[in-house]
2 protein chains.
Amino acid sequence: MKTETRRQNLRDALIAAAERAIAANGLAGVKARDLAAEAGCAVGAIYNAVADLDELVFAVNGRTLAALERSLDDAARPARKKAASPAEAATARLVHLAVAYLEFVAANTPRWRAVFEHRLPDGRAAPDWYVAEQSRLFTYIEAPLRDLQPELAAGQHALAARTLFSAVHGIVTLGLEEKLGVVPLAMLRAQIEIFVAALAGGLVATRSR
Amino acid sequence: MKTETRRQNLRDALIAAAERAIAANGLAGVKARDLAAEAGCAVGAIYNAVADLDELVFAVNGRTLAALERSLDDAARPARKKAASPAEAATARLVHLAVAYLEFVAANTPRWRAVFEHRLPDGRAAPDWYVAEQSRLFTYIEAPLRDLQPELAAGQHALAARTLFSAVHGIVTLGLEEKLGVVPLAMLRAQIEIFVAALAGGLVATRSR
DNA sequence: TTTTCCTATTGAACGTCGTTCAAGAACGGT
DNA sequence: ACCGTTCTTGAACGACGTTCAATAGGAAAA
């Protein structure tokens, strides 16, 4: 069964080539002929290792999600400062997470943009493993949110985590995108710290009303 | 000078065709041959009325920005409830603006997505009139923010307006994009009301510290 | 009006893209 | 060693944005 290993090797080479292409030129840099040249095969051979170029993009995006998770884990490890209250500790963790997200995206901008720019045609859906990976990342946000608003129903935390992530994602994405005025990274970090802290504080205040 | 009016007419027809194409099939629906067929001209004639297809997209996006501004104006008109404090009035206006934004985007999803999906190749910049239009829209956010945090330096309000817009934009965009779980519009509106109100409340609380 | 020049218009053609396919090469089981 | 199956190849296909030589037609001069 050497043909199967060769197929796997080609697949890996293509994924690696696609990852380099995305890092260098974004999603638009993923071109069948270039990938074939870099992986050392003919254009047509791509379609034995992979159904689509879309499948390659999903593979690369999956690796990017895994890399983000590693960054979030590293960011969560240290810190552990004493906090006056559980709510303050939760707020600090949310701010920390948001800043870690900002820094990951800043350090991996083209790779990360590919995660959100990629759209598959018509009604085709993302692979299950990909959705699962994406979903699991939200648990990082749900845990502090539970500490922040323990009285909320279970499903509400998942919804709030989506909303909070979307908000931070918007700030990070539009901030790094220089479409409307260039915002230095340090200023962006400061804004995120202010806004996430204010948001968390506001949520806690809402609770007691 | 009939040729000049004909050129203008063709330009208008092409913009209208592009707008229909975007509304129906998104940015990817803008195709030279289809536009030419719908505008009743040959493919090559497009390039007499317009430099690029990008120019057409910018024209359509400009119209979309104008439509958003009309929606925001309409949304700002009524309401005018009595508020206990300037801060509460400002918060209510920010929530109102965010909800109006959500509803505009929900009612014009493909058109609005085109505004953010459109990327021009290499180092070409957006036209000046387009940047100005986009910039002017931020003043809608800056005014309530000034009421909310009067002690902030002038430039800070512009920065905070960008950040707040980015956050709401993230919530709206990822919420309407059904990539990760479908969130009903009503639920999305509730989330926005909660989050913007909490954020505004948190910002006010930060001020007094 | 007639003639002339110039520019607008046309649609075939170019280069690039993802994907497919007929042909030939290489593999795996017997 | 053989043969059926499968993989690999690169030319070919259709679609895309854009360009261009050829032609048609309007504007200015006679």
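A salt bridge here is a side-chain nitrogen of Lys or Arg within 4 Å of a carboxyl oxygen of Asp or Glu. By that rule, domain 1 and domain 2 of chain A share 2 salt bridges, and the interface of chain A and chain B has 3. The model is predicted: local features need pLDDT of at least 70, side-chain atom pairs count only at pLDDT 80 or more, and totals for chains, interfaces and linings use all residues. Residues are numbered from 1 along each chain as its sequence is written, chains are lettered from A and ligands numbered from 1 in the order in which they are written, and side-chain values use heavy atoms, with hydrogens and water left out.

**Domains of chain A**

- Chain A splits into domain 1 (1-50) and domain 2 (53-208); the bounds come from an automatic or database domain assignment.
- The centres of the two domains, taken over C-alpha atoms, are 30 Å apart.
- In the contact (heavy atoms within 4.5 Å), 15 residues of domain 1 of chain A meet 12 residues of domain 2 of chain A.
- The two domains bury about 1300 Å² between them, with 76% from carbon and sulfur atoms. Buried area is the accessible area (1.4 Å probe) that two parts lose on being put together, summed over both.
- Glu19(A), Ile22(A) and Leu27(A) supply 43% of the area that domain 1 of chain A buries against domain 2 of chain A, more than any other three residues.
- Glu19(A) also forms a salt bridge with Arg63(A), and the closest N and O atoms are 2.9 Å apart.
- On the side of domain 1 of chain A that touches domain 2 of chain A, α1, α2 and α3 (46-49) of chain A each give two or more residues. Helices (H or I, at least four residues) are DSSP runs, numbered from the N terminus.
- α1(A) gives the most to that side, with 7 residues.
- That side of domain 1 of chain A has 12 nonpolar, no polar and 3 charged residues. Ala, Val, Leu, Ile, Met, Phe, Trp, Tyr, Cys and Pro count as nonpolar, Asp, Glu, Lys and Arg as charged, and the others, Gly among them, as polar.

**Interface of chain A and chain B**

- Each chain brings 33 residues to the contact.
- Chain A and chain B bury about 3000 Å² between them, and carbon and sulfur atoms give 71% of it.
- Arg119(A) forms a salt bridge with Glu177(B), with the closest N and O atoms 2.9 Å apart.
- α6 (109-117), α7 (128-148), α8 (154-176) and α9 (185-208) of chain A each supply at least two residues of the side that touches chain B.
- α8(A) has the largest share of that side, 12 residues.
- By class, that side of chain A has 19 nonpolar, 8 polar and 6 charged residues.

**DNA strand C**

- There are 21 residues around DNA strand C, and Val30(A), Lys31(A), Ala32(A), Arg33(A) and Asn48(B) come nearest. A residue is near a strand if one of its heavy atoms lies within 4 Å of it.
- Sugar or phosphate accounts for 53% of the atoms of DNA strand C within 4 Å of the protein, and bases for the rest.
- A backbone N or O atom of Val30(A) is 2.9 Å from a phosphate oxygen of DNA strand C.
- Bases are reached too: a side-chain N or O atom of Arg33(A) is 2.7 Å from a base oxygen, and a polar side-chain atom of Arg33(B) is 3.4 Å from a base nitrogen.
- The surface near DNA strand C has 9 nonpolar, 4 polar and 8 charged residues.

**DNA strand D**

- There are 19 residues around DNA strand D; Asn48(A), Lys31(B), Ala32(B), Arg33(B) and Tyr47(B) come nearest.
- Of the atoms of DNA strand D within 4 Å of the protein, 48% are in sugar or phosphate and the rest in bases.
- Phosphate oxygens of DNA strand D lie 2.7 Å from a side-chain N or O atom of Lys31(B) and 2.9 Å from a backbone N or O atom of Ala32(B).
- The surface near DNA strand D has 9 nonpolar, 4 polar and 6 charged residues.

Note on methods. A polar contact is a pair of N or O atoms within 3.5 Å; within protein, one must be able to donate a hydrogen and the other to accept it, and residues adjacent in sequence count only if both atoms are side-chain atoms.
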